[in-house]
Amino acid sequence: MAANQAAYLHKSGSPLEVSDAPMPKAGPNEIIVKNAAIAINPLDTHMASAGVFVQVWPAILGCDVAGVVHEVGSEVAQEGRFKVGDRVIGHTINLTTGKPQDAAYALYSAVPANKAAILPGAIPFTEGAVIPFVLEAAVCALCVTKPGIALPGVPTPAVGLPYPSLADPAAPLDKTLIVYGGASSAGSMATQLASAAGITVVSVAGAHNAAFSKTCGATAVLDRADPNLADKLVAAVNEAGNEFVGIFDAVCSPETYAHDLAVLARLGGGHLACVHPPPSEGIPENVQAGMIFAVNDAATPVWRDWVTPALRSGRLRPFPPPLVVGKGLEYIQTALEKCVAGVSAAKLVVEL
Ligand SMILES: NC(=O)c1ccc[n+]([C@@H]2O[C@H](COP(=O)([O-])OP(=O)(O)OC[C@H]3O[C@@H](n4cnc5c(N)ncnc54)[C@H](OP(=O)(O)O)[C@@H]3O)[C@@H](O)[C@H]2O)c1
């Protein structure tokens with residue numbers, strides 16, 4: 001009989017504690033994954049330190065799992081998309097459900113079947129675990145067509161770009177997007193998805209990560225420390241000669257917002273899709289600003305039809321590469337601390 005354990009957060013700001021946990025049970029449209037690797041996201045550190053979004057205490061955190069299917073729900077069994085023993089990656093969504101079993105920091109987690117995909121055998125679990133949450137974040141930044149609500153008073157962006165295709169190279173579209181934070185986890189994934197949809201991506205990254213951002217699909221990468229960054233972004237977009245869509249800001253600091261608004265003003269406005277609430281003042285009428293909320297059914301077609309074949313063909317790469325912190329639930333606390341200290345073009349992963 002399988003037994004579960006989890007890394008529990010008993011109160012905000014306290015270290016996680018590993019203890020026995022109830023074995024999750026699959027709902028009709030869920031799979032239970034025996035986790036082999038989980039990844040850490042900055043969101044988890046905010047939840048751990050301040051308790052934001054925590055609905056049930058003690059809490060289990062985490063959104064990214066890679067592992068083996070342990071149980072399938074009744075509808076999933078009927079559909080036949082997953083079976084026990086399949087290697088999978090999945091996005092756990094306790095962020096919205098609040099249920100501890102819907103979280104990643106455990107030996108077993110419940111994952112909605114429409115937020116999971118088969119992980120090809122050639123890709124290690126530690127690499128697969130870097131994908132799920134930021135895949136959904138990238139879809140939310142690029143492909144949502146109608147604005148929703150991210151937080152009270154803060155709309156989600158509706159940039160309305162097409163989904164990524166499996167064609168390699170993708171048929172070019174007459175559209176250019178700026179991705180600010182091209183080497184971040186969210187920014188590099190958005191760069192991969194946008195370029196797989198045929199969109200020209202101009203990114204901003206540290207100079208040491210320019211080659212990485214190009215590997216993700218950026219056609220031009222500008223140095224985040226360039227004193228003339230706004231001028232150079234405008235020039236790069238003009239040089240591409242396409243319709244300017246807007247900016248996905250995967251960093252969202254006062255510095256990046258100042259650049260965003262300067263560039264948007266000079267390029268005639270456009271979308272400003274942010275990972276945090278956009279500036280509350282100074283947004284002109286020709287700028288449509290919003291904050292993504294990375295749990296969205298808009299990602300379902302990507303999960304169901306694109307992720308596995310794209311991983312097989314190399315159209316989707318498990319980027320940024322994993323930085324494995326250790327093996328065992330006990331290492332998640334260390335990984336959270338490393339995440340707070342910051343990473344560069346890397347995703348912190350714990351093997352289980
Ligand atoms: N709202 C949502 O649904 C949602 C979803 C996903 C993520 N997020 C948020 O998005 C943010 C990014 O998450 P993540 O996982 O992508 O983070 P991450 O990978 O840990 O971000 C680190 C990367 O950001 C880069 N960076 C930092 N400041 C930069 C700047 N001024 N210009 C260019 N690059 C810069 C760093 O570049 P260097 O290599 O040069 O140091 C580093 O590579 C976090 O705040 C997270 O909470 C929100």
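**Figure 1. Packing of helix H5 against helix H6 in the predicted model.** Helix H5 (residues 132-142) packs on helix H6 (residues 185-196) at an angle of about 60°, and 8 Å separate the two axes. Axes are lines fitted to C-alpha atoms, for helices over the stretch in contact, and angles run from 0 to 180 degrees between N-to-C directions. Helices (H or I, at least four residues) and strands (E, at least two) are DSSP runs, numbered from the N terminus. The crossing of H5 and H6 is right-handed; a crossing has this hand if the near helix is turned clockwise from the far one by less than a right angle, and is left-handed if anticlockwise. From H5, Val134, Leu135, Ala137, Ala138, Val139, Ala141 and Leu142 meet Ser185, Ala186, Met189, Ala190, Leu193 and Ala194 of H6. Contact is counted when the C-beta atoms of two residues, placed from the backbone, lie within 7 Å. By class, twelve residues of this contact are nonpolar, one is polar and none is charged. Ala, Val, Leu, Ile, Met, Phe, Trp, Tyr, Cys and Pro count as nonpolar, Asp, Glu, Lys and Arg as charged, and the others, Gly among them, as polar. Residues are numbered from 1 along each chain as its sequence is written. Because the model is predicted, local features need pLDDT of at least 70 and side-chain atom pairs count only at pLDDT 80 or more, while totals for chains, interfaces and linings use all residues.

**Figure 2. Domain 1 and domain 2.** Domain 1 covers 4-131 + 318-351, and domain 2 covers 135-291; these bounds come from an automatic or database domain assignment. Taken over C-alpha atoms, the domain centres are 27 Å apart. Seven residues of domain 1 are in contact with ten residues of domain 2. On the domain 1 side, four of the touching residues are nonpolar, two polar and one charged.

**Figure 3. The shell around the ligand.** The ligand is surrounded by 28 residues, of which Ser184, Gly206, Val275, Ala294 and Ser344 are the closest. A residue belongs here if its C-beta atom, placed from the backbone, lies within 6 Å of the molecule. At least two shell residues come from each of helix H1 (42-50), H5, H6, strand S12 (200-205) and helix H9 (254-266). H6 gives the largest share, three residues. The shell has 17 nonpolar, nine polar and two charged residues. Both domain 1 and domain 2 give residues to the shell, so the ligand lies between them.

Figure 4. Most residues other than glycine have a negative phi, and most peptide bonds are trans.
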